[in-house]
Amino acid sequence: MKNKSVFLTVKDHSVSGEAFQLIRNSEYGFLETTPQPSLDKLPDYYKSEDYISHTDSKRNLFEKVYHLVRTISLKKKLNLINSFQSEEKTLLDIGCGTGDFLETAQENNWKVFGIEPNQEARQIANKKTNESVFQTEQLLRFEPNSFDVITLWHVLEHLPNLEDHITIFKKLLKLNGTLLIAVPNYESYDAKYYKEFWAALDVPRHLWHFNQTSISNLVSKQSFKVQKVKPMWFDSFYVSMLSEKYKSGKMNPIKGFWYGMLSNIKAMRSKEASSLIYIIKNG
């Protein structure tokens, strides 16, 4: 495999139990999940009751904490998009799940649109957003230069045809618009500590695995520029607790919390948090 090398071998802990290799891409610097499932097989890997971004369920303490943290995160995300100067306040959220972010933005005078391939999640989202959420094909039907802000909250790593999607976002975003991409960071402390058990690898649902250099390399191909990078402090706790379960075979929230906190402490100096938000400007 020319210009590529194996970084790590990882197991799908949540659905299939299959093993996948992470291959380093020397052109961009990201890691590729190999082999990647075909487009018709990929949805099968999302068929898990534990895939809570597609539901509003609160069946146990773990899910209740997840939704509490999500409520706090929604306010932070809203504050972030409100900080951008935009006259029409048009927002497109890619992979919007059950639509909580869109609902929050809509309540704060944003004109919202969403893309969600999962039918059940899309139905829930449409009830919250006056039928403003569509299947993936709608991306090709929007008018060019339609949106002030396009957001992908832990979605880019799921998208097949990565470069094609960046090209589409470039077309849909207004001049001086903002592209927000939040993804896990494989150079964080918790990623290096848990290695093949790091839950944010989530193969094969995560097709790509990014560091800061690879995001910059990827978006610069479309003349985007990374303006700022912000940490997502809560993610390290959630990911570390799940990673601890994968590593030891049982939940150990205290130990998981400790390594999540340690990752954040180290990230204050290294700037390599467990997940990062990239604020990317068009133009």
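**Close-up 1. Arg205 and Asp12, both buried, in a predicted model**. In this predicted model, the side chains of Arg205 and Asp12 form a salt bridge with an N to O distance of 2.7 Å. Arg205 belongs to the loop between helix H5 (189-194) and strand S9 (208-209), whereas Asp12 sits in the loop between strand S1 (4-11) and strand S2 (19-25), so the pair ties together parts that are 193 residues apart in sequence.

**Close-up 2. The salt-bridge network of Asp12, Asp202 and Arg205**. Arg205 also meets the side chain of Asp202 in a salt bridge, at 2.9 Å from N to O, and Asp202, like Arg205, is buried.

**Close-up 3. The salt bridge between Lys47 and Asp44**. The closest N and O atoms of this pair, Lys47 and Asp44, are 3.1 Å apart. Lys47 is exposed, its relative accessible area being 63%, while Asp44 is partly exposed, with a relative accessible area of 34%.

**Close-up 4. Arg122, a buried residue without a salt bridge**. Arg122 is located in helix H3, which spans residues 119-128. The nearest side chain of opposite charge belongs to Glu116 and is 6.2 Å away; because a salt bridge requires a side-chain nitrogen of Lys or Arg within 4 Å of a carboxyl oxygen of Asp or Glu, no such bridge is assigned to Arg122. When neighbours within four places in sequence are left aside, Arg122 is in contact with Gly97, Glu116, Pro117, Val133, Phe134 and Gln135.

Notes
Residues are numbered from 1 along each chain as its sequence is written. This is a predicted model: local features need pLDDT of at least 70, side-chain atom pairs count only at pLDDT 80 or more; totals for chains, interfaces and linings use all residues. Side-chain values use heavy atoms; hydrogens and water are left out. Helices (H or I, at least four residues) and strands (E, at least two) are DSSP runs, numbered from the N terminus. Buried means under 20% relative accessible area, exposed over 50%, partly exposed in between (1.4 Å probe, protein chains only). Lys and Arg count as positive and Asp and Glu as negative; His and the chain ends are not counted. Contact means heavy atoms within 4.5 Å.
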